[in-house]
Amino acid sequence: MWSRESLEAMGERWTGRVQRARDAIRPFRRRIVMFLAVVGPGLIVSNVHNDAGGIYTYAQSGAKYGNSVLWSLIPMTIALYVSLEMCSRMGAFTGKGLSDLVREEFGFRVTFFLMAAILLVNLGNVMSEFTGVFWASENMGVSRFISVPIAAVAVWILVVQGTAKWVERIFLTFCVVYFSYVISAFLAKPDWLISLLHLFPPHLMQYVPTMKQFVQVPKFDAQYAVILAALVGTTIAPWQHFYLQAAVVEKRVGPRQYPTTRNDVIVGSISCMVIVFFIIVCTAATLYVQGIHDIPDAQTAAIALRPLAGKLASLLFSIGLLNASLFAASILPLSTSYVVCEALGFESGIDRKFGEAKIFYTLYTSLIFLGAFLVLALGKFANTILLWSQVLNGFLLPPVLIFVLILVNRRDLMGEQVNSKGFNWVAWISTIAMIGLTLVVAYTSIHDLFVHPASGIR
Amino acid sequence: MLTATELMGAKTYDAQGNYVGKVREFFVEPAEQPNRVAHFLLARGSFQPLVARHDQVAAIEAGKLELNVPERALDAYQPNEGWLAVTKDLLDQQIIDTSGRKVVRVNDLDLAEQRTNGNVELRITQVDVGLPGAARRLLQGIAPQRMIRALQNRLPARTIRWEFVNLVEPDPLRRLKLRITHEKLEDLHPADLADIIEDLSPAERQGIISSLDEETAAAVLAELDARLTTQIVEKLDPEKAADILEEMAPDAAADVLGGLSKETSEELLDEMPGQEANEVRELLEFDPATAGGMMNTDFVFVGDKSTRDEVLEWMKEQDLNLDQLDTIVLLDGGAQFSGSVPVARLLLAGSEQALNELKIEPLLSVQPNADDKDVFELFDKYNLRMLTVVDEDGRPLGVITVDDVVSKLLK
């Protein structure tokens, strides 16, 4: 006869097996990996931040100063590479995410405030992505009250319900569509040689005898510094570091695979800057030449392109913007809730049921829908959102970079893989430069917000 | 009940009531008692820190510690590898919850006071991994004690009893000194243990795998993500790695070796006993995308003329892995494949019935160079649980089971 105990024991074993069968599939892990299947994490992380805010800033700097801001792209590529490489190296050699390391080395309280800040800043970033959707769709003649909710629902479904195949295809498409900016730039018919020449600092090039006549030397004043700062501020964002390191860990990159990942980070940093180059060249050849120096938002840039470079160029510009916004909106909320939950010890992952990972789901869902809702509710004040998002990013970047530099130089964590002396010099100099420049952005944005609230952006 | 956070920073007074210092850290000495707080580190500003032993403590409350000895009876602090430091080694670190079978991060520790003659001892009762601990860590020293207590009583608790806590320590020497064993882990199902190991950092994974017995280690490695398995085996001591591979099924061992560099793989094969090594070598020859690359050379075969009773008698004597056995391969007089019999059919067969009469139709087998897609199709079409791989002469080389197909499809 069966005794009650033996039946219960059997029942327990049975549920144990069901549990294991479910765990064995681990969709979230697969998903995180499949997000990275086609393109490496370095490429994704560099391209994703060419988002709505980024594109607007690039377009605006091209309109305002023409080719003469292009020289900043090379040092920016180096700074971007240096800061991202440190995180990927930490991920590969410690096997721990950046938020985990901060928690283990700096304690709960520091981690809590850092995570709270990241949550707030990334809500701002998500909002600026939906603002991008709103700009792009209105240029294509679709009301924002239709496009933004659809985008929010689509992003939510893609991540929670998407199968590997679909996510892979969609992400690949996202990466390819960035080329729309390359085409837009060609349609704008710039003088390519002159643009390429400006990749070298014009302040120096004007002393090269035969070059002098071609070089456009900007006046180095406060306005120009602000534009440079805005470029840097939108290019290097705090959340990238958390995302990249988590992705490297999830992808199980070890010391042996590390060289490949470093190449991926190099390719990512360069390809991102190539896109930036084309955006700036596009607006420099059209808006700047025609004397349209101030554009209040990216939508205006797209509209202004119409008579100058043709309908197609304008449409491609909007498509690029929509693409970038959706790409970032698919990755930001997920990676944010994942990083926050992991650091604070909450259950996370889309393979868990809602009841098992309430906080994770609540964060993820509210980042998307609160972000979308606020964008619709604020409507015409969308520019303000972008400004705030830049200010907050600027304030968060210094502590994050300093944490990264402290951790990457800890011999007990990294062993022989701590920064070399030369690398540390480059890293600290670019960190201090970035901190300085982002603080300039933050300062001027606050100035604009409170002193000239009606003047739009700068 | 006290918590580690409440005790941290407690003001300490000696037997005469003189102020000594603040509690900055406390230690468990697992070699003596697994859960007793054995030493309190007392910080005294710029003076050398002192250590109070468990039997020197007269009374403890949140924020206050009273000693039963004068200050001069205390020892100066000397770092000791055999002491488990609560703040440094436990708080905010990851531990393994062996009852819930997962990796969690420690927010706080719950301590119980135990009165013995003349002194008070603290014992760790459970680890707090939930919101109450988090709230306390956040607010301690900022908000009044009573408010924190009231708040944490409202929050849902998530705790793990100390007996179920398995510490993770990558350094083997320190592990020995702290008496950390992985016996509790060996009782877990290998698939659960594999999940736990995937959540840890590489150094911690290495520490756990190298301290498990070979059989468990082999079972866990077979369940792990292929890339992780490669990383772990690469870093193991070759002798240990060979011992673990020996315990694995030949096809699983071949999969692991296939991911390693040629030299490492050869080195490990040389360490393995001849017969096992040869089986694995043969398997390594096959392209992973073919039937040969998926098959397992460990299978049960009997002559097709033998009766059910003979087979059962024979099976009793063999050391077979019964959990995995569901089909028996039949050979004819020329050692050629003649069919296969599901074990379930043996249950209902007559005792003198020959296995020949029990085999399933149609008679299916593939050659080792068959494409893996063709294998999947056969499994799907005929609802197979096992398929025999035969050479050109029709002699069985190995079998592909449905779990080989599933893991191949999920890759």
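Two strands are taken to pair if DSSP finds at least two bridges between them. On that basis, β11-β10-β15 of chain B is an open sheet of three strands with antiparallel pairing. The model is predicted. The edge strands of this sheet are β11 and β15 (165-166) of chain B, and each pairs on one side only.

Strand β10 (residues 94-97) of chain B is joined to β11(B) by four bridges. Two bridges link β10(B) to β15(B). Both pairings are antiparallel. B:Ile96 takes part in each of them. Its bridge partner in β11(B) is B:Val103, and its bridge partner in β15(B) is B:Asn166. β10(B) and β11(B) also form a hairpin, with four residues between the strands. In this hairpin, B:Arg101 takes a positive phi near 55°.

A further hairpin of chain B is made by β17(B) and β18(B), with five residues between them. Here B:Ala335, in the turn, has a positive phi of about 60°. Strand β17 (residues 327-331) of chain B pairs with β18(B) in the antiparallel sense, over five bridges. Within this pairing, B:Val329 has B:Ser340 as its bridge partner in β18(B). Strand β18 (residues 337-342) of chain B is mostly covered, and five of its six residues are buried.

The C-alpha atoms of chain B fill a box of roughly 95 × 45 × 35 Å along the principal axes. The radius of gyration of chain B is 30 Å, whereas a compact globule of 411 residues would have one near 22 Å. Of the 411 residues of chain B, 39% count as buried. Among contacts in chain B between residues at least 6 apart in sequence, 63% join residues at least 24 apart.

Chain A has 20 helices and zero strands. Of its 458 residues, 52% count as buried. Residues 24 or more positions apart account for 82% of the contacts in chain A with a separation of 6 or more.

The two chains touch. In this interface, 19 residues of chain B are in contact with 16 residues of chain A. On the chain B side, the elements that give two or more residues are β11 (102-105), α3 (131-139), α7 (190-198) and α10 (226-235). By class, this side has seven nonpolar, five polar and seven charged residues.

The largest nonpolar core has 144 residues. Those with the most contacts inside it are A:Phe130, A:Ile279 and A:Ala301. Helix α16(A) gives the most to this core, with 19 residues. A:Ile279 is in contact with A:Ile55, A:Tyr58, A:Ala59, A:Gly62 and A:Tyr181, leaving aside its neighbours within four places in sequence. A second, separate core has 37 residues, including B:Leu188, B:Ala194, B:Ile209 and B:Leu212. In soluble globular proteins, nonpolar side chains tend to be buried together.

A:Pro333 lies in helix α16 (residues 311-344) of chain A. A:Pro333 counts as buried because it has 28 C-beta neighbours inside 10 Å, and the cut-off for a buried residue is 20 or more. Not counting residues up to four places away in sequence, A:Pro333 touches A:Val126, A:Tyr364, A:Leu367 and A:Ile368. A:Val155 is 178 residues from A:Pro333 along the chain, yet the C-alpha atoms of the two are separated by 9.6 Å.

Technical notes:
Residues are numbered from 1 along each chain as its sequence is written. Chains are lettered from A and ligands numbered from 1 in the order in which they are written. This is a predicted model: local features need pLDDT of at least 70, side-chain atom pairs count only at pLDDT 80 or more; totals for chains, interfaces and linings use all residues. The radius of gyration is taken over C-alpha atoms; the globule rule is 2.2 Å times the number of residues to the power 0.38. A residue is buried if 20 or more other C-beta atoms lie within 10 Å of its own, exposed if 12 or fewer, and partly exposed in between; C-beta atoms are placed from the backbone. Two residues are in contact if their C-beta atoms, placed from the backbone, lie within 7 Å. Ala, Val, Leu, Ile, Met, Phe, Trp, Tyr, Cys and Pro count as nonpolar, Asp, Glu, Lys and Arg as charged, and the others, Gly among them, as polar. A nonpolar core is a set of buried Ala, Val, Leu, Ile, Met, Phe, Trp, Tyr and Cys residues joined through C-beta atoms within 7 Å.
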